[in-house]
Amino acid sequence: MAHRHLTDDEIQSFLDGNLSQADIVGHLQTCEYCQYQLKQYQQLYIELAHDKGFNLSTDFARRVISRLQTEPSRSLMQRLWDVSIWVVGLLAGVVTSFYFIDLKLVSKEISEALSSLGTLNSAMLSVFKTFDKSLNLNIPQLAIAGFVLMLILAIDHFILHRIRNLRSSFS
Amino acid sequence: MEARTKDSKFLIEEILSGNQKAFQTFIETYQRLVSHVVFRMVPDEADREDLCQDIFLKIYKNLPEFKFNSKVSTWIARIAYNTCINYLEKRKIPLFEDLSTERISLDNLSGTLVAPDEYAEERDISQRLKIEIEKLPVHFRTILTLFHLESMSYHEIGDIMKLPEGTVKSYLFRARKSLKERLLSQYQQEELWHTGI
């Protein structure tokens with residue numbers, strides 16, 4: 001090190017405290033060029049540590065708090081929106097179930113199974129058979145229902161969620 | 001450090017229990033950090049304060065999720081950094097993410113030197129430095145800010161910006177070297193200008 005100048009990286013490492021004094025001080029004592037480089041970096045470090053021009057308004061904290069107090073009304077609206085989506089989804093599920101299942105047959109079979117309850121296993125088996133028989137399966141309709149459900153989920157996930165996040169981030 | 005962590009923990013517990021005064025104290029404690037990140041990353045002065053407010057609202061919403069796995073200041077700086085990145089991306093302001101791959105060197109950036117007479121009004125070295133810092137890519141500016149104004153380590157900065165420690169160190173060294181050369185170059189150019197050589 002005594003025969004070559006310090007690199008910029010070495011000077012910066014030294015000033016950052018990553019190089020030991022022993023590695024560098026000996027050279028600096030004899031090299032005016034490196035002393036000059038070191039001084040320049042020291043001046044730069046001093047200037048970089050000044051935080052001028054970063055001033056927020058004096059009542060910044062109060063402004064944030066006041067915005068916080070207006071937030072609940074928005075989140076209440078969001079919650080109402082979420083609840084309404086859930087209710088619509090639930091109703092759609094119930095209506096779909098009623099459409100595909102013959103409820104009269106189900107209730108009749110269940111009551112018969114329960115009245116002639118011999119063992120628990122045979123009763124359960126009978127209930128499952130009843131469901132199987134009463135399902136009014138229509139594959140194209142099922143496919144359409146599935147597609148509509150996926151579409152609603154995709155709209156909620158990719159569009160509505162993003163809109164809500166953007167609102168909460170930038171409003 | 002230990003005492004500060006305990007203070008922060010107490011403050012956060014108070015905020016979570018609904019104490020608004022505690023949140024005000026929290027904001028006053030960390031607004032300097034947030035303003036450093038935002039003011040260095042966001043070029044549009046009109047948007048800076050609003051963005052700082054948004055960041056504190058985000059912090060408030062996410063406070064129940066904070067499990068003290070990192071320092072509070074690191075967590076806050078990460079939220080501030082990510083919010084600024086989203087803002088810049090939304091406004092299509094270049095981030096110079098691919099600085100190393102496209103080999104856009106800082107030397108090329110220094111090619112846009114300001115004429116000496118433009119500097120005549122801003123003779124203060126701090127102002128000159130500010131102008132030069134603003135010309136740097138956003139990641140360089142952020143690293144300089146977190147290291148020199150917030151005294152964060154390479155590791156903490158890497159944690160905030162999701163960069164390897166070595167990359168943080170490399171960006172920091174390159175930024176400082178570039179600033180030193182550009183300031184020196186301006187100074188020498190101005191000296192020549194004034195002496196009429």
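The model is predicted: local features need pLDDT of at least 70, side-chain atom pairs count only at pLDDT 80 or more, and totals for chains, interfaces and linings use all residues. Residues are numbered from 1 along each chain as its sequence is written.

In the interface, 42 residues of chain B are in contact with 37 residues of chain A (heavy atoms within 4.5 Å).

| Chain B with chain A | Value |
|---|---|
| Buried area | about 3,700 Å², 63% of it on carbon and sulfur atoms |
| Salt bridges | four |
| Residue pairs in polar contact | 14, both residues at pLDDT 80 or more |

Six helices of chain B, α2 (20-41), α3 (45-62), α4 (72-90), α7 (125-135), α8 (138-149) and α10 (165-195), each supply at least two residues of the side that touches chain A. By class, that side of chain B has 21 nonpolar, eight polar and 13 charged residues. One salt bridge joins B:Lys180 and A:Asp8, with the closest N and O atoms 3.4 Å apart.

Buried area is the accessible area (1.4 Å probe) that two parts lose on being put together, summed over both. A salt bridge is a side-chain nitrogen of Lys or Arg within 4 Å of a carboxyl oxygen of Asp or Glu; a polar contact is a pair of N or O atoms within 3.5 Å, within protein one able to donate a hydrogen and the other to accept it.

Helix α3(B) has 18 residues and spans 26 Å from its first C-alpha to its last, close to the 26 Å expected at 1.5 Å a residue.

Key
Chains are lettered from A and ligands numbered from 1 in the order in which they are written. Side-chain values use heavy atoms; hydrogens and water are left out. A polar contact is a pair of N or O atoms within 3.5 Å; within protein, one must be able to donate a hydrogen and the other to accept it, and residues adjacent in sequence count only if both atoms are side-chain atoms. Helices (H or I, at least four residues) and strands (E, at least two) are DSSP runs, numbered from the N terminus. Ala, Val, Leu, Ile, Met, Phe, Trp, Tyr, Cys and Pro count as nonpolar, Asp, Glu, Lys and Arg as charged, and the others, Gly among them, as polar. The expected span of a helix is 1.5 Å times one less than its number of residues.
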